[in-house]
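Thanks, everyone, for making time this morning.

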Amino acid sequence: MLAATDITNPGYSVLFALLLFIAASVWLGTLAQKAMEKKEFLKGFFLGNRGLGAWALALTATVQSGGTFMGFPALVYSHGWIVLLWIGSYMVVPLLSFAVVGKRLAQLSRMTDSFTVPDLLRERFADPRVGLVSSIMIITFMSFTMFAQFKAGATIMKHAWPGSGVLALSEDYEPTAAEKAEAKEGRTSASSPHDSKPIDRKYYVGLVVFTVTVVGYTLIGGFLASVWTDLFQSVMMVIGVTILVCLAVPMAGGLEQASRTAIENTSSDIVFGPGFSTNGRQFLTPGLALSMFFIWIFGGFVSPASMVRVMAAESTEVMRKSICLLSCYNCLIYIPLVMTCIAARTMLPHLEKPDEVIPRMSMLVTKGLPGGQFISGLILAAPFGAIMASVSCFILVISSGLVQDIYVRFLNPAATEAQIRRATNISMIGVGLIAVIANLDPPQYLQALVVLSASGGGAAFTIPVLMACYWRRTTAAGMLAGMLVGFCFYFGLSAAGWLQNWAAAATESSTFARSVIGLLGPDPKIGVPGLFRPYYIFGIDPMVWSLVVSAFAGIGTSLVTKPPAEEHVSRFFDVAVVK
Amino acid sequence: MPEIQELPLLKSARREALVALGIWLAATIYSLGYCFKYGYGRDPETLTYVLGFPDWVFWGLVVPWGVCTIIASIFAFWFMKDEDLPESGQ
């Protein structure tokens, strides 16, 4: 399908587009720095002085992560049409993101003059423990999600490297072939001894370039830089997806033909539930499909990144408009992406690494076009931008947590502005370094990690945040119980899953493993493969169970503890009206 | 004599939250129900295509997706109330 001749040319144009993107982000970062210079450092840097408009809020509040452009397409490519059901609850995500707690959070954060979620909760309950616990949990969950993004960013940079991506696209789709070619040119040393490891030096270079860029412009411009680059990439992404679907589907012979060819290339499972699978594992059983309708919703509107942006919204009118904008935007992203990846089963029928389906498709479909190399560069740059933007957002939330909730609140309450700035810089650089280290040997399925942390955060925060917003009787102890029990239950079930996973592999050699299997039952063979597979009770994701348990713990504990002081609650719930 | 009342924003926010959760519930029941019935365990020979989508994908996901988008817009422009947000620190 592809001539192996233009190896270097498209590579350079993709790299060029990426560099353009990086330059634009840094430029936006410096603009953002100017915009916030006048105001107080912390609120300007971490909340953009509460001035987000509708576009910025809509297109950045539910972070379009690297998962959208890498992990999600990989799942579609691997399992087929059923993945649209997997993501199906995105049809109501925009509504729920802003309509359930949006207005109330914006109000509470202003009443308490707080700019991080833990800060808000601490003030709402006048209890530092609530702040500390929520802060630690947010930092943990966001770190998981963020580390997954670094892998995605580095992978894209690797593909953009001149001669790399296109070489990997040559007919035989074997990563080892690319590595052999590189080894012949004397460019790799580390990757050739063990062929099973397809990570090469370009990945590391990509990882470093990516990290330096993102940490750099986030350091310069803070929250506004993160939001503006996010907005910019969101627009680029919808353009990229549109170009891609318009080119890919006709090239595959139309959508219906694409499905038929996909069936020929795989099996009829690819158009039905629970999805096509090569490893005997049912991808999306009905129980898991049900779970996903909880995970995306309740992992979404209480995700710390989303709550912080709602807190930064300028007005409630902005939120209303955002609901509409984001709803339309999601329509234009997810369904076309699924169509594109179904078409990919016709055009690239046997990809070794499904994570690479979008980068490869974008290079492939634009190949014959005039200026196609540059278009493919732009399509590739869009997800790169998405990843940069979400990483920058996560770095901000994590470091705002480290700086405000831990450094200022606990370590040095009398910190001067210069000290706070220094702490901010140190924490951001530290987070970047840890992310690089964590990604030296990245996990296989990106989206599994994102799901893990999204649903973990949802399990811990959904019920407590709802209680804090709407229930007068909520006590600090109830909040702590709701968060900790949700968190622990979710992690308990995840850990049980990992244990079960390990035990299933080790039953031959270990009696302990056999007793674990005896207790937990055999591997149910559902979901995605990999280490991070949780333990499913009745085939339902732990997130759903954690929500239930968290509700019992939160409400129950609130009811048995002493009611909060009426005048304190009244401050957040009541208004005096003169008759 | 001032009377203590619940904040107006709290009232409208609570009502909107309940309606939004209701829409989520309805969408979930419909989409999952339709897809479970027609998308799982089906004879491949019976599959038809609507606008290129497998039929159950079209009726179970694409159509409700469109409907939800319309409902969300109606919600945003005709149902959700604007409220004044307090000045920071009040």
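I will start with confidence, then turn to the contact between the chains, and finish with a pair of helices.

What you see is a predicted model, and it scores ipTM 0.91 and pTM 0.81. For chain B, the average pLDDT is 86, with 96% of the residues scoring at least 70.

Let me move to the contact between the two chains, to which chain A gives 54 residues and chain B gives 53 residues. On the side of chain A that touches chain B, the elements giving two or more residues include α5 (82-86), α13 (255-265), α14 (286-300) and β1 (574-578) of chain A, while the largest share, 10 residues, comes from α16(A). If we sort that side of chain A by class, we find 33 nonpolar, 10 polar and 11 charged residues.

Finally, within chain A, the axes of helix α17 (residues 357-365) and helix α18 (residues 372-411) come within 8 Å and cross at roughly 160°. Because that angle is over 145 degrees, α17(A) counts as roughly antiparallel to α18(A), and the crossing is right-handed. The contact is made by I358(A), P359(A), S362(A) and M363(A) on α17(A), together with S376(A), I379(A), L380(A) and P383(A) on α18(A), which by class gives 6 nonpolar, 2 polar and no charged residues.

Conventions:
Residues are numbered from 1 along each chain as its sequence is written. Chains are lettered from A and ligands numbered from 1 in the order in which they are written. This is a predicted model: local features need pLDDT of at least 70, side-chain atom pairs count only at pLDDT 80 or more; totals for chains, interfaces and linings use all residues. Two residues are in contact if their C-beta atoms, placed from the backbone, lie within 7 Å. Helices (H or I, at least four residues) and strands (E, at least two) are DSSP runs, numbered from the N terminus. Ala, Val, Leu, Ile, Met, Phe, Trp, Tyr, Cys and Pro count as nonpolar, Asp, Glu, Lys and Arg as charged, and the others, Gly among them, as polar. pLDDT is the predictor's confidence in each residue, from 0 to 100. Axes are lines fitted to C-alpha atoms, for helices over the stretch in contact, and angles run from 0 to 180 degrees between N-to-C directions. Angles under 35 degrees count as roughly parallel, over 145 as roughly antiparallel, 65 to 115 as roughly perpendicular and the rest as oblique. A crossing is left-handed if the near helix is turned anticlockwise from the far one by less than a right angle, and right-handed if clockwise.
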